[in-house]
Each structure stands twice: as structure tokens, then as C-alpha cells.
Amino acid sequence: YPRTIGFWKNQFDKALDKRGKPQIPAETLEDYLDQITEQSNVFEFTGERRQKFQQALSILEMPRCPKMLDKLKAQLLALWLNYVAGWTEGYTLDGMTAQDLINGSENAIIHNLTSEYEYWKDLCDDFNNLGET
């Protein structure tokens with residue numbers, strides 16, 4: 001099942017030497033980010049493993065006073081991570097697959113459709129929380 005933004009934040013935190021052991025090995029996390037970089041029109045993770053993890057974590061953590069775009073990107077990244085992890089398979093939300101939500105969200109970001117940011121952010125958030133019952 002899909003995991004929340006908090007789950008992913010925790011994985012990158014731990015992979016960056018915070019206390020505790022991540023549930024997902026660092027090699028796998030890096031592979032996920034590389035797959036996202038290849039497939040996404042919004043995200044690009046570059047540099048050494050630690051740099052990629054830091055880039056991902058800064059998106060997931062959002063700035064102190066986040067704009068709707070920051071919130072959308074954070075939820076979209078969590079959805080991408082769920083997608084490349086294979087945890088969105090068989091799940092839909094309002095008749096849409098994770099891929100539909102990713103495409104819609106990226107389209108809104110690329111074309112600067114600011115009036116749609118909150119709509120897509122909420123859908124990504126709801127999808128990422130499908131496993132929370």
C-alpha cells in the first residue's frame with residue numbers, strides 16, 4: 001500500500017545518519033530517486049547519494065512557510081516514491097491511478113496552473129494516505 005510523506009521523510013532522515021535504521025536500504029532509495037529523475041518532468045536528483053537524499057528531504061520537509069507549490073511538490077514526490085516502489089499497484093482514487101495523478105500534477109506544475117495546485121496536492125495526499133486505515 002502507498003506510504004505517507006512522513007514515512008518517506010523518515011527513510012531519508014535515517015539514510016542521512018539520523019538515529020535508527022531505515023526500512024528501505026540506501027541503495028534502493030537512491031535507485032528510486034534515479035528512476036524518478038528519468039521519468040519525471042519536474043524532479044531531477046543529481047550528485048552523490050547524500051546530495052540526492054538531501055535534495056529529496058528538502059522537498060519532503062518543505063520550507064517554513066510553504067507555498068501551495070511546495071506542498072504539491074512534497075506530496076507529488078511521496079507519490080512518485082510510492083509509484084517506483086510498486087506500492088501504488090491496484091490502487092485508485094476517484095477513478096484515477098497514481099500515474100494519472102502524477103501526470104496531472106506535473107502538468108499543473110509545468111504549465112504554472114496555480115489554481116490547480118491545491119486540487120492536485122489534495123489528491124496526491126489522499127492517495128499517499130490510502131494505506132492508513
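1. The axes of helix α3 (residues 49–61) and helix α4 (residues 68–84) come within 7 Å and cross at roughly 125°, and the two helices are therefore oblique to each other. Angles under 35 degrees count as roughly parallel, over 145 as roughly antiparallel, 65 to 115 as roughly perpendicular and the rest as oblique; axes are lines fitted to C-alpha atoms, for helices over the stretch in contact, with angles running from 0 to 180 degrees between N-to-C directions. Helices are DSSP runs (H or I, at least four residues) numbered from the N terminus.

2. This is a predicted model, in which local features need pLDDT of at least 70 and side-chain atom pairs count only at pLDDT 80 or more, while totals for chains, interfaces and linings use all residues. Residues are numbered from 1 along each chain as its sequence is written, and side-chain values use heavy atoms, with hydrogens and water left out.

3. On the α3 side, the contact with α4 is made by A56, I59 and L60, which meet K73, A74, L77, A78 and L81 of α4; contact means heavy atoms within 4.5 Å. By class, these residues are seven nonpolar, no polar and one charged, where Ala, Val, Leu, Ile, Met, Phe, Trp, Tyr, Cys and Pro count as nonpolar, Asp, Glu, Lys and Arg as charged, and the others, Gly among them, as polar.

4. Helix α1 (residues 5–15) also packs on α4, at an angle of about 75° and with the axes 9 Å apart, and α1 and α4 are therefore roughly perpendicular to each other. I5, W8 and F12 of α1 make this contact with A74, Q75, A78, L81 and N82 of α4, and the class count is six nonpolar, two polar and no charged residues.

5. For α4 itself, the 17 residues at 1.5 Å a residue should span 24 Å, which agrees with the 24 Å between its end C-alpha atoms; the expected span is 1.5 Å times one less than the number of residues. Its buried residues (under 20% relative accessible area, with a 1.4 Å probe and protein chains only) include L72, L76, L79, W80 and V84, and the buried residues of α4 pack against α1, α2, α3, α5 (98–110) and α6 (117–128). After α4 comes G86, whose phi is positive, near 85°.

6. S40 lies in the loop between α2 (26–39) and α3 and is buried, with a relative accessible area of 9%. A polar atom of the S40 side chain lies 2.9 Å from the backbone nitrogen of V42, and, leaving aside neighbours within four places in sequence, S40 is in contact with W80 and E106.

Notes
Buried < 20%, exposed > 50% of the residue type's maximum accessible area, 1.4 Å probe, protein only. Polar contact = N/O pair within 3.5 Å; in protein donor to acceptor, adjacent residues only side chain to side chain.
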